[in-house]
Amino acid sequence: MPDPTPVTSCPMVREPLLSELSGPGRNGLTVPRPFAAGRCADIPAALNPPALPEISEVETVRHYTRLSRLNTGIDQGMYPLGSCTMKYNPRIGEEIASRIADIHPADEAALQPVLAWLLDLKATLEDLCGMDDSCLWPAAGAHGELTGMLVIREALRRRGDDRHKVLIPDTAHGTNSASCTIAGFTSVNVPSGPDGFLKAADLERHLDGDVAALMITNPNTLGIFEQEIDRIASLLHANGSFLYMDGANMNAIMGIARPGDMGVDCMHLNLHKTFGTPHGGGGPGSGPVLVKRGLAPYLPDPRIVRNAPGGIGLVARSPESIGMVHSCLGNVAVLLKAFVYCLSLGPDGLREASIRACLNANYLKERLKKVFDLPYPTPTLHEFVLSDRVQKVAGVTTVDMAKALMEYGFHPPTVYFPLVVPGAIMIEPTESEPVGELARFADAMGDIASRAETSPDLLHAAPRGTPVERIDEVWAARNLVLTWNDLNPSR
Amino acid sequence: MNIPEGLRYTKDHEWVRVEDGTVRMGITDYAQHELGDVVFVEIKPAGTQLKAGDAVGTVESVKAVSDVYAPVAGTVTEVNAELEASPELVNSDCYGRGWMAALTLASTPDLDALMDAAAYRAYLEQEAK
Amino acid sequence: MAFLPTSPDDLHELLSTVGIRDAEELFARIPEHVRFRGRLRVDGPMDELALRRMFRAGASAVVFLGGGVYRHYIPAALDALSSRQEFLTAYTPYQPEISQGTLQAIFEFQSMMARLTGMDAANASMYDGATALAEAALMALRAKPLRRIVVTRSTTPSYRAVLRTYLRNTPGVEIVEAPFDPATGRTDLDALERLLDSEAAFFIQQPNYFGVVEDLPAVSAIAAGSGFWGVVVTEAVSLGLLEPPGSSGCDVVAGEAQSFGNPASAGGALLGFFCVKKEHVRRMPGRIVGLTRDHAGARAFCLTLSTREQHIRRDKATSNICTNQGLCALRAAMYLSCLGPGGLREVALQCACGARALMQALQGKGLRPVFSGAVFHEFVVRMDPGTRARLAEAGIVAGIPLDPHYPELENALLMNVTEMNTHEDILCLTRHL
């Protein structure tokens, strides 16, 4: 066993809860008091202040600083989560986004430059995807999917076509079918072929007058380009159906191929994946939807228009729109960061980023396929999927190896997804990784593979040296302690 | 694999025990093993009428959820309330305290459509291939 | 090139390991006729200084704007703490062993939101208040066989719009708006009673869009006759002063908590929250963190109740949401920790007192509130467009015009005061009237 190099070396295992740090009178923060304090007797105020902990500022700062040390971010090292595109988050984006912090969305004059940038970002994304129009407001990828499917639903309704089925390949993200359900569709699973991509001939068998759309991810979650995409698009269009593309894997093809040129009618992007905005431990993200001209009338409100009275404006209600999907303008700050990312790289840089992302992934695949099962030999782009088939013989599974990677200082890849590969290990290094880091990862994986043969028990016990050892998720689900009150109901 | 004699089995891995006009049912040892640690069981309330093959409830592990189907047509008369607090009984005693529901039979049940222990064992062996 | 760490020598090493001479070969499987051979039209590349010069923006000098997004004081510690890379650049905490920081912070966010709202459980966040309301309606439909969603007309217009969008493909369910009393601005309880029955789900905003505080005890007596009901909160700071909405016995409290430590930021990122009674926990949308232990017995946290979610239940999931507003929720938890009970109460009181100071100053200029109902920190007055334009020229944005959404409230303006405003702001406004 190597010397463990834990992701987070942290002296203490247990950071107290805020409720445990609390004590009466500890909070001394002075809040601004511009107005004379009255009692506002006309409203039914609660008798007591809210039931929050009382903690000093220094303890708050230490609490969150200590908590942060129990986490791992991409600034610490490679974070090769497949289909998540965990690339470097340029700090210039944070700096620029902070400049709009004080602007209220109803402050029309102050919003002018912001709307101008959003228009430019919109044009940038449309050009990058070969699409005609777009809406920037969806707050995350799944929100974009839902928006896109609502747009398709509306287009069908307007032509009096009551179709219900949406075909979804078995490699798709789980969100696809969940989004379809909310949009009023029924999802139908379509098996992708033995080569890991959807064959037009196989799709044809599923087409009938009830098929509203196919939702495809391209390249798909195996990292394989859907090479029959344009024939698939033709078949769908001939059938009166739409082609929706989940743009989660757009990082493979920026400036290389454009969904619009493939026949895609509607798609979403994940700005927090492809465009370098931080994921924030679970958002905020951003999931703009892009469409071809025919679907443009149905995009959500409001629309940004250049020639409104007083400059650039927002048109609140357009007649054919599906309506609003967000109370304001989506995650504006994230949109701005993504725009800064695009401008930093420029046209050639964006294309080069995709090329390097694919090259990095292929380097890793070349090194790792020698020791791990590679279930699909079809060439891949920015990510690839291994399985635990070889190691399973010795009783070592994907979860063991994922946890062991933490001991080498890496966040594990995406595991057990896509579902078409049992024991999947899905690796996406992104263009951000230098050669040395890629090599270190390949070495670590190789090391784990040999430990699987020599000392499988050590892998079952992984991770060691992390802030906590392997988590008991069953206990959590059976006991459901979801707040402080559950923990200690008397308090 | 524990497959007690005297019970009847379905291809969806439920078992039934005929008891005097009612049947008691649950999931088999094979099913609980495949599912892993059971964390939650939800069974439709007493009074629910079911056709054979209708979902009578769901059983959840941390990573999976699966429907439990009525092996025969009938009406739910009793639900194992003990599973609410102790879903792990499905793992530790799937044919005993881990039972899920009791049904009264809608008509003379076609129990012959279900497998006996030997047939179920053979079915599992065939499935494994 | 920016952000690309590979040198020419490194490239050579990568290419030779892959066994190709040119990286272009990687794209050989993309059919030529879908290859893009043009050049992208984006500007750049731009250096950081150029970007700094390009992106200049600033708020108007004096604003009285609320209506769902609020400007509040944010302690300096928040930016320092939330920009720590361990929080900022981490993914959703799928690997709990190396994500305990995010997980514990969300657990504490859930705990504090549940306490503030008086509910049993909370999720890790929603996109915003509007989608939180829409998801609450979808949850109601999962809980009960319903035919009607009743929402008050004094609910923020964009929230009602998003609700309609989310439910546009749910057949057999109508959305009905409960009117407000034009004198008080509160929901008309007689009219409400006629709309509610066991086949209706009901949602009321507190305080409502006009800033008016609804009579929640009276509402709850009527709402108890509905199949499911919830309270929508768009100004989380009000939770520091008013009774927790959960004490009214509602099924869900959902809304917007941007006010807790997140800047207005031109309208985003916002922070939807979602709190429920225990009986609805398994129907909740979104991520939920639970307490657990590791194999050595140490206290730990992980995502739980995952079987509700899209990656397991797929088309039968309780929602499609995965990425939410994690960092905004983290900031909210930090904010509440910094302010504490007294601080939050004080902020709420300052807002309420400030609004009353502005109201008084306006009355001196003959401008009276349109509604007689008591307000929290915003209120409606009538102000003609000419005056508004004159104020705007002086850099004063007096409020949000209501008539686009309420034609019956011609020239009405929603004005808001928070602790970010000052007496000077108020003087500046009244000087121009």
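Me: How many residue pairs are in polar contact across the interface of domain 1 of chain A and domain 2 of chain A?
Reply: This is a predicted model, in which local features need pLDDT of at least 70 and side-chain atom pairs count only at pLDDT 80 or more, whereas totals for chains, interfaces and linings use all residues. Residues are numbered from 1 along each chain as its sequence is written, chains are lettered from A and ligands numbered from 1 in the order written, and side-chain values use heavy atoms, without hydrogens and water. The domains, bounded by an automatic or database assignment, span 91–343 and 346–476. With both residues at pLDDT 80 or more, the polar-contact rule finds ten residue pairs.

Me: Which helix gives the most to the side of domain 1 of chain A that touches domain 2 of chain A?
Reply: That side of domain 1 of chain A receives three residues from its main contributor, which spans residues 332–368. The element is helix 11 of chain A.

Me: What separates the centres of domain 1 and domain 2 of chain A?
Reply: The centres are taken over C-alpha atoms. For these two domains of chain A, the separation is 29 Å.

Me: Which strands are the edge strands of the seven-stranded sheet in chain C?
Reply: The sheet is open, with mixed pairing and the order 2-8-7-6-5-3-4. Each edge strand pairs on one side only. They are strand 2 (121–122) and strand 4 (174–178).

Me: What is the bridge partner of Ile204(C) in strand 6 of chain C?
Reply: Strand 5 (residues 200–205) and strand 6 (residues 228–233) of chain C pair in the parallel sense over five bridges. In strand 6, the partner of Ile204(C) is Val231(C).

Definitions and conventions
Pairing = 2+ DSSP bridges. Helix = DSSP H or I, 4+ residues; strand = E, 2+ residues; numbered from the N terminus. Polar contact = N/O pair within 3.5 Å; in protein donor to acceptor, adjacent residues only side chain to side chain.
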